[in-house]
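Biologist: I have a few packing questions about this model. Can we take them one at a time?

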Amino acid sequence: MSRRFDLLVFDWDGTLMDSTGMIARSIQRAFAEVGLSEPSDVDARYVIGYGLHEAMQYLAPDIDANKIQQVVDAYRGHFLAKDHELQLYAGVLESLPRLQDAGFRLAVATGKSRAGLDRVLAATDLAHFFEATRTADEAFSKPHPAMLEYLLDKTDVAADRAVMIGDTTHDLQLAINAGTASLAMSYGAHPLEDLLPLNPLAHFDDFSALTDWILTHG
């Protein structure tokens with residue numbers, strides 16, 4: 001049976017790893033630590049997927065670069081103190097080999113830093129599944145198309161043969177900007193009602209359901 005897609009590009013936080021709550025709490029604690037008003041949970045979750053500096057600048061547009069760096073540094077301290085507790089979503093460990101064995105090529109486009117992604121790939125032993133990865137400190141932040149354009153070029157896959165899989169509007173808008181299809185995960189940072197207007201091909205509330213759909217329709 002012929003496939004529609006050759007390349008599956010995954011977001012990380014909120015798509016493969018259950019980390020959005022910890023990220024939001026770490027953002028809030030970082031703002032408090034440097035003497036700024038804590039963003040709401042909704043606002044803190046909204047910026048998940050941006051690069052760190054872009055996220056903090058979005059949340060506090062009127063503060064200077066030095067203060068932004070203080071918030072970023074404080075965030076890293078809070079997050080790194082807890083990131084060893086994070087878990088992959090149910091179904092991820094079982095599903096990635098199924099997708100790979102079916103002939104799909106896998107990649108990652110994430111708002112994490114390169115150091116952060118490499119650390120978590122090593123901790124989860126998932127690096128061997130992904131033939132290419134791109135992070136927020138190597139390209140313009142989502143939803144700029146640069147991350148996906150790099151991955152498409154790196155893998156020599158045409159945009160219409162790739163699909164972006166993510167849990168935020170930034171992921172889905174990234175797909176639109178890069179000319180790929182998208183699939184939405186409804187259990188992550190952004191609510192489903194915000195994802196649907198960006199016209200993903202389908203949406204899922206667990207990773208195994210996504211995998212079954214891809215194996216049948218992808």
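Biologist: Which helices do the buried residues of α3 pack against?
Modeller: This is a predicted model. The buried residues of α3 (residues 52-59) are Ala 55, Met 56 and Leu 59. They pack against α1 (20-33), α2 (41-46) and α4 (65-80).

Biologist: What arc do the buried residues of α3 cover around the axis?
Modeller: Ala 55, Met 56 and Leu 59 are the residues in question. An α-helix has 3.6 residues a turn, so residues three or four places apart point the same way.

Biologist: How are α5 and α10 oriented to each other?
Modeller: Helix α5 (residues 92-101) and helix α10 (residues 207-217) pack with their axes 9 Å apart. The angle is about 10°. Angles under 35 degrees count as roughly parallel, so α5 and α10 are roughly parallel.

Biologist: How do the residues of the contact of α5 with α10 divide?
Modeller: From α5 come Val 92, Ser 95, Leu 96, Arg 98 and Leu 99. From α10 come Phe 207, Ser 208, Thr 211, Asp 212, Ile 214 and Leu 215. The residues of this contact divide into 6 nonpolar, 3 polar and 2 charged.

Biologist: Which residues is Leu 192 in contact with, leaving aside its neighbours within four places in sequence?
Modeller: Leu 192 lies in helix α9 (residues 192-195). Its relative accessibility is 24%, so Leu 192 counts as partly exposed. Leaving aside neighbours within four places in sequence, its contacts are Ser 186 and His 203.

Terms used: Residues numbered from 1 in each chain as written. Predicted model: local features only at pLDDT ≥ 70, side-chain atom pairs only at ≥ 80, totals over all residues. Heavy atoms only, no water. Axes fitted to C-alpha atoms, helices over the stretch in contact; angles between N-to-C directions. Helix = DSSP H or I, 4+ residues; strand = E, 2+ residues; numbered from the N terminus. Parallel < 35°, antiparallel > 145°, perpendicular 65-115°, else oblique. Contact = heavy atoms within 4.5 Å. Nonpolar A, V, L, I, M, F, W, Y, C, P; charged D, E, K, R; others polar. Buried < 20%, exposed > 50% of the residue type's maximum accessible area, 1.4 Å probe, protein only.
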